[in-house]
Amino acid sequence: MGDRHAHGQHQIHPQHQLHVQPHHRPLHEVRGMKSQKGPSATQILAIVTLLPVGGTLLCLAGITLAGTLIGLAVATPVFLLFSPVLVPATLTVGLAVTGFLTSGAFGVTGLSSFSWILNYFKQGKSMAPENIEAAKRSMGDAAVHLGQKTKDAGQTIQSKAHEGKEGTRTT
């Protein structure tokens with residue numbers, strides 16, 4: 001080290017620093033300073049309010065799950081003992097619901113048909129034959145769709161009835 005000083009080789013490197021005045025800061029720096037402050041009072045209030053509410057609801061969900069599992073464990077033997085009565089009762093209720101839904105579908109179809117006929121006569125104009133054909137096709141499609149739905153419901157009920165009969169025979 002003494003050799004360098006002896007030869008007189010000193011290098012000076014000037015450093016240029018960019019000084020930015022406070023009122024000329026770029027926008028991204030100002031936004032960055034704003035987010036460094038921490039959470040706002042509204043955010044803290046929301047956390048303080050929602051944390052106990054969320055914890056309480058989570059505890060209630062756990063208690064409800066435990067109660068449901070205990071109730072299922074107690075009710076399962078009862079269901080097994082009374083299954084010869086419950087299966088036919090379930091089938092009867094299923095058939096009744098299917099009947100009411102089918103009745104409602106037929107009623108809505110009938111009312112819409114009457115409404116269409118009433119509007120047709122109120123207008124007093126004859127409809128073009130292509131409109132009548134289109135209406136016939138759409139009514140036919142609706143009838144086929146409704147028939148298929150009813151057939152599917154009947155098959156589902158029959159399969160459940162067979163499963164119920166087989167289940168009572170094995171027990």
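1. Surface area. The protein exposes about 15,200 Å², and carbon and sulfur atoms supply 67% of this area. Of the 171 residues in the protein, 2% are buried (under 20% relative accessible area; exposed is over 50%, partly exposed in between, with a 1.4 Å probe and protein chains only).

2. Basis of the model. This is a predicted model, in which local features need pLDDT of at least 70 and side-chain atom pairs count only at pLDDT 80 or more, while totals for chains, interfaces and linings use all residues. Residues are numbered from 1 along each chain as its sequence is written, and side-chain values use heavy atoms, with hydrogens and water left out.

3. Confidence. The mean pLDDT (the predictor's confidence in each residue, from 0 to 100) is 78, and 72% of the residues reach 70 or more. Helix α1 (residues 2-7) has the lowest confidence, at a mean of 50, whereas α3 has the highest, at 89. Where pLDDT is low, the predicted coordinates should not be read in detail.

4. Fold elements. The protein has 5 helices and 0 strands. Helices (H or I, at least four residues) and strands (E, at least two) are DSSP runs, numbered from the N terminus.

5. Nonpolar patch. Val78, Phe79, Leu81, Phe82, Val85 and Leu86 make a nonpolar surface patch of about 610 Å². Helices α3 (41-81) and α4 (83-123) each give two or more residues to the patch, and α3 gives the most, with 3 residues. Val85 belongs to helix α4 and counts as exposed because its relative accessibility is 55%.

6. Thr49. This residue lies in helix α3. Thr49 counts as partly exposed because its relative accessibility is 42%. The side chain of Thr49 reaches the backbone oxygen of Leu45 at 2.7 Å.

How values were computed:
Accessible areas come from the Shrake-Rupley method with a 1.4 Å probe; for residues, only the protein chains shown count as cover. Patches are made of residues with over 30% relative accessible area and no salt bridge: like charges are joined within 9 Å, nonpolar side chains (Val, Leu, Ile, Met, Phe, Trp, Tyr) within 5 Å. A salt bridge is a side-chain nitrogen of Lys or Arg within 4 Å of a carboxyl oxygen of Asp or Glu. A polar contact is a pair of N or O atoms within 3.5 Å; within protein, one must be able to donate a hydrogen and the other to accept it, and residues adjacent in sequence count only if both atoms are side-chain atoms.
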